[in-house]
Each structure stands twice: as C-alpha cells, then as structure tokens.
Amino acid sequence: MAEDTESYTVRVLQDGGVIREETVTAPSWMYSDADRLADGMAGPFEIAVAQNSARYGIGVFANLTVDP
C-alpha cells in the first residue's frame, strides 16, 4: 500500500439507499446486531467497501449481498 495511512469506507445499503457509512482504519469491520436493529434493518442488504486514498479519494467499491 502506497498510502501514509490505511483507511476504508464501509457502506451498508438496502434498496439502493445508504443506511450507514463508516470510515475504518483496519481491514475489518463488524455490523453488530445492535447496529442492525438501530438501523431498522430487515431482510437482505449489501455491504460495500472501498479503500481510501489521500491522493485519489475513495476507490472502487466491492459489494457483498447479505441475506440473514
């Protein structure tokens, strides 16, 4: 990695809308039951993750569909 710091943008999406967005400084993140409940999450949703760059901004998102 050619960045001074490591960070990622994590988005939780449902029906095309962003429900939650967080910036994390490690290549891991957990969407807890309490967070899902607070977000009113029910049914399938997507997690999207992109690496952040001081030079280029947010990179290309990789998406994963979750169907609890």
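View 1. Planes under 30 degrees apart count as stacked, over 60 as edge-to-face and the rest as tilted. W29 and Y31 are stacked, because their ring centres are 5.4 Å apart and their planes stand at 20°. Y31 and F45 form an edge-to-face pair, with 5.6 Å from centre to centre and 75° between the planes. This second pair links distant parts of the chain, 14 residues apart: Y31 is in the loop between β2 and α1 (33-38), and F45 is in strand β3. Helices (H or I, at least four residues) and strands (E, at least two) are DSSP runs, numbered from the N terminus. W29, Y31 and F45 make up one aromatic cluster. W29 is partly exposed, with a relative accessible area of 26%, while Y31 is buried at 8% relative accessibility. F45 is buried as well. Buried means under 20% relative accessible area, exposed over 50%, and partly exposed in between (1.4 Å probe, protein chains only).

Residues are numbered from 1 along each chain as its sequence is written, and side-chain values use heavy atoms, with hydrogens and water left out. As the model is predicted, local features need pLDDT of at least 70 and side-chain atom pairs count only at pLDDT 80 or more, whereas totals for chains, interfaces and linings use all residues.

**View 2. The largest nonpolar core.** Eight residues form this core: Y8, V10, V12, V24, Y31, M41, F45 and I47. A nonpolar core is a set of buried Ala, Val, Leu, Ile, Met, Phe, Trp, Tyr and Cys residues joined through side-chain atoms within 4.5 Å. Strands β1 and β3 each supply at least two of the core residues. The largest share, three residues, comes from β1. In soluble globular proteins, nonpolar side chains tend to be buried together.

**View 3. Contacts of M41 and Q14.** Contact means heavy atoms within 4.5 Å. Not counting residues up to four places away in sequence, M41 touches V12, Q14, I19, Y31 and R36. Q14 belongs to strand β1 (residues 8-14) and is buried, with a relative accessible area of 16%. With the neighbours up to four places away again left out, Q14 touches I19, M41, A42, G43, P44 and F45.

View 4. D15 lies in the loop between β1 and β2 (17-24). D15 is exposed, with a relative accessible area of 80%. Although D15 is not a glycine, its phi is positive, at about 55°. Most residues other than glycine have a negative phi.

**View 5. Strand β5 beside β3.** Strand β3 (residues 45-53) and β5 run antiparallel and are joined by five bridges; two strands pair if DSSP finds at least two bridges between them. V49 stands opposite A62 in β5. Of the five residues of β5 (residues 62-66), zero are buried, so the strand lies largely in the open. T65, in strand β5, is exposed, with a relative accessible area of 56%. The C-alpha atoms of T65 and F45 are separated by 5.8 Å, although the two residues are 20 residues apart along the chain. Apart from neighbours within four places in sequence, T65 is in contact with F45 and E46.

How values were computed: Rings of Phe, Tyr and Trp (its six-membered ring) pair if their centres lie within 6.5 Å; planes under 30 degrees apart count as stacked, over 60 as edge-to-face and the rest as tilted.
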